[in-house]
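Visitor: Please take a close look at one part of this model, the sheet that involves both chains, and then at what surrounds it.

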Amino acid sequence: MPTPPSTSATAELAPGLPDRRRERVIRPPAFSLGAPFRSLGSLKDHGDLFYTLTLHRIRVRYKQSLLGPAWAVLQPLATMGVLTVVFSYIARMPTGDVPYALFALAGLVPWIAFSNAVTTSTQSLVSHAQLVTRVYFPREIVPLTYVCAALVDGAITGVLLLLLMAYYGVAPDASVWLALPILLLLAALMTGVALAAAATNVRFRDVGVAIPIVLQMFLFASPIAYPLDTVPARVMDLYILNPLVGIIENFRRVMLDTGPLHGPSLAVTVIWVVVLLPAAYAWFKQVEATAADVV
Amino acid sequence: MSWDVRCAGVGKRYRVRDTPRRRTLKDLFTPKSRDMWALRDITFEVERGDVLGIIGPNGAGKSTLLKLLSSITAPSEGEIRIRGRLAALIEVGSGFHPELTGRENVFLSGTILGMRRREIAARLDSIADFAGIGSYLDVPVKWYSSGMYVRLGFAVAAHLEPDVLLVDEVLAVGDAEFQARCLRRIQDLRERGATIVFISHDLGTVERMCRRAILLRAGRIAAEGDARDVVTRYQRLVTDGVLTAGGAPDEDRPVAITDLGITDAAGRETCVARSNDPLTLALSLRVGRLFPDAIAQVMIYSYEEGTLLCECSTPAEGITLQPGDEAVRFEIDALPLLPGMYTLGAIVRPRDSQRAIDWWFGRTTLHVESGPAARGHVALPYRWSLSKASEPVRSR
C-alpha cells in the first residue's frame, strides 16, 4: 500500500514494533482500465465469502420446491425434448448421423450455463440492495457467484450429455479434451456479460426487462437447434459475430466428433472475450463506487 | 500518536433530479438536475484507540459520513485514509436467507462482513449466546421471531475484532437490554484499543462513550473537540441557549456542574450496568466562591417517559462547597433498576430555595443490561410465600 504523505506519524508509531496494518485510500471514482487488476488483489481477501456465497446459491436454488435438485436435470431435458419434437418430427433438421436429441443436448450444455448466468446475475446487484447499501465487500462477488452456480448447472447438463452419448453408443475421441479450453472461454464470456449486465442494470433497469427477450433471440441466433452448415453463406460473416457461435458449434464438434474445429468463429469469440472481460470489469468497478446511491 | 482514520476535504454530492411536468419534447431531452451536497469540507483525524462521536440533527450527514468511511459509497471529492481492518457494527439480518438455518446464515453474513469461515466456526457458540437464540441455531430463520432475527444479525457483527469500528445508531436495534449488551461490547473493544467512530442520537451515550466529538450541521463540521464541549454546543443550539450547563462559574452562577459520571465497582467510567450492581454517580462541580448551605441532587428518570424514578441528595441541612473543583459522590450498593434505558439529571441549589444554581440534563444515559425479568423500572427486593388463607403465614 502507498505510504501516507506525512510519514512522520508512521515513524513515531513504530519504535520496535512495525505497523503491519494496511492503509486503504478512498478517493472519488474514476474510470480506469487498471482498476480490475487492483481489485483482483482485494478479491483474494474475500475468498471465504466467494465460497460461502456460491455454496449458498446452489443450496438455496431449489429450496421449498417439490422436485428440488431434480430441476437441474429436468430443465435441460425439457428444452431438449421440445427441440427434438419440433426439429426431428415436425421439421427435419439434417444432423448427419448424430441422433437429433444428442445433437440438441450438446448445444444446450454451454447455452444453459450461459443463459442461467446472464439471467440471474443481471438482477444480482439490485436484488441485493439491502446488503449493498449496508456493508462493503467487492461487489463483483455477487454476479460472479451466480456465474459459478450457472457453471454447476452446466456441469450437470454435461453429465446428462455423457449419459446420453453412452446410450447412443457415441464414444468421444481424443479431441474431446479440447472441450476444456472451450468451456474456459465460455466461463470468461459469461463473466464479462454478467458483470456488464449487472452494472448496467443498476442505472438502467431496462436491462433486466430486455434480457429475456435478447436471450430468446440468441437461442435462435446460435447453432443450438441447427448445425452451423445450414446457415446461408451470405450471412455467415455476420452470423459468427455472435460470440456464442464459436463456443457452441466447436463444443459440439469436439464432443460428438462431427468435424474439425471451426476456426473463424472461435477466433471471433477469443477477440470478444479479450476485449469484453477487462472493459466490463472496469465498467463494473466504476458503477460499484456509487451503486449504493442508486440501487 | 498516530491516526487510524483521516478525512481530508471530503464531500459527497447527490444529483437531485427535478421532475417538473414535461410539456415539450425538448423538456424530455434536457433533464434538469441540481447538485445537493450531503457533506462538504469534512476534515478530521481519529487517533489510534480514540473514540470519536458524531452528533447532529437528522439529515446533517452523519450516516452519509459513515457510508463513506466504510466504502459503501464513494466520496465525490477529497480523500479518506483508513489504517487497519475496518468493520461496521450494523445489523446484517437483511443478508439472511429465510430458508437457511441460523447456523448457515451466520456463516453467510459473517463472511459478508469480512470474517473467515474458521473465525466464525470458533465463535459460533458465542454468537448464538449473544443473540440469545440458544437451540434455534439449526432452525431455518424463517421460523424466527423478528426479535431473534435482528439480534442474530447484530450478534454476528458484534463478534468482529476490527482495528477500526464504525457504530451507527446502535440504540435503534432490539430491546433496551440487547442495546445495553451491544454497548458493553463496544466498551470492551474500546478497552482493547480499537479505534471507534460512534454515531448516536443520544447525547448522554455519546458523552459517556466518546472522548472527542464532531458536530455536523447541514453537511459541514460545526464544532469539533472534547466530547463534553461539543455536546454542550449542540445542546445550546437545539435549546436556543436555554441550557447552559457546563463551562465556568460566574457571578450569577457561583457553582457550575461540569460532569455527571457513572463508575462501576472497579472504578471505571461506564454507561452500562447490570441490575443490583454496585455503582457510583459522581457529580463534578466547579465552585467560583465559597458556597455554604448547598444541596446537590442526582435524579434518575426513565428514558422513554421521563418519569422521575428516584433521586440521591446531600443532607437537607446543606453542605459547604469550597472554591475550586469539588466532587459529590453517591455510592449505590445495589442498583435497583430493571433492564432498560435511563437518563440521569442533576441540580445544585441553595438549601432554602428550589431554584437551581446550575443543572445538568439529558447528557448522562445509563443502560441497564441484564437483571430479573419483570415489567416496570424498579428491581423491587421481595420474598414470597404460599399458604392456606386460614393458616398462619409461613415465610419462605
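Guide: Four strands form an open sheet in the order β1(A)-β4(B)-β1(B)-β2(B), with antiparallel pairing. Strands here are DSSP runs of E with at least two residues, helices are runs of H or I with at least four, and both are numbered from the N terminus. Two strands pair if DSSP finds at least two bridges between them. This is a predicted model, in which local features need pLDDT of at least 70 and side-chain atom pairs count only at pLDDT 80 or more, while totals for chains, interfaces and linings use all residues. Residues are numbered from 1 along each chain as its sequence is written, and chains are lettered from A and ligands numbered from 1 in the order in which they are written.

At the edges of the sheet stand β1 of chain A and β2 (33-47) of chain B; each has a single partner strand, so one side of each is left without a neighbour in the sheet. From one strand to the next the twist averages 20°, where axes are lines fitted to C-alpha atoms (for helices over the stretch in contact) and angles run from 0 to 180 degrees between N-to-C directions.

Within it, Arg24(A) has Ile82(B) as its bridge partner in β4(B). Inside chain B, β1(B) and β2(B) run antiparallel and are joined by 11 bridges; Tyr14(B) is one of the residues involved, with Met36(B) in β2(B) as its bridge partner.

The contact between the chains takes 32 residues from chain A and 35 residues from chain B, two residues being in contact if their C-beta atoms, placed from the backbone, lie within 7 Å. On the side of chain B that touches chain A, the elements giving two or more residues are β1 (3-17), β4 (77-83) and α3 (102-112) of chain B. The largest share, 6 residues, comes from β4(B). By class, that side of chain B has 15 nonpolar, 11 polar and 9 charged residues. Nonpolar covers Ala, Val, Leu, Ile, Met, Phe, Trp, Tyr, Cys and Pro, charged covers Asp, Glu, Lys and Arg, and polar covers the others, Gly among them.

A residue is buried if 20 or more other C-beta atoms lie within 10 Å of its own, exposed if 12 or fewer, and partly exposed in between, with C-beta atoms placed from the backbone. Helix α5 (residues 146-158) of chain B is mostly covered, with 11 of its 13 residues buried; among them are Tyr149(B), Leu152(B) and Phe154(B). From its first C-alpha to its last, α5(B) reaches 18 Å, close to the 18 Å expected at 1.5 Å a residue, the expected span being 1.5 Å times one less than the number of residues.

In chain A, 21 of the 23 residues of α5(A) are buried, so α5(A) is largely enclosed by the rest of the structure. Helix α5(A) bends by about 35° at Leu108(A), and Pro110(A) follows within four residues; the bend is the angle between axes fitted to the seven residues ending at a residue and the seven starting there.
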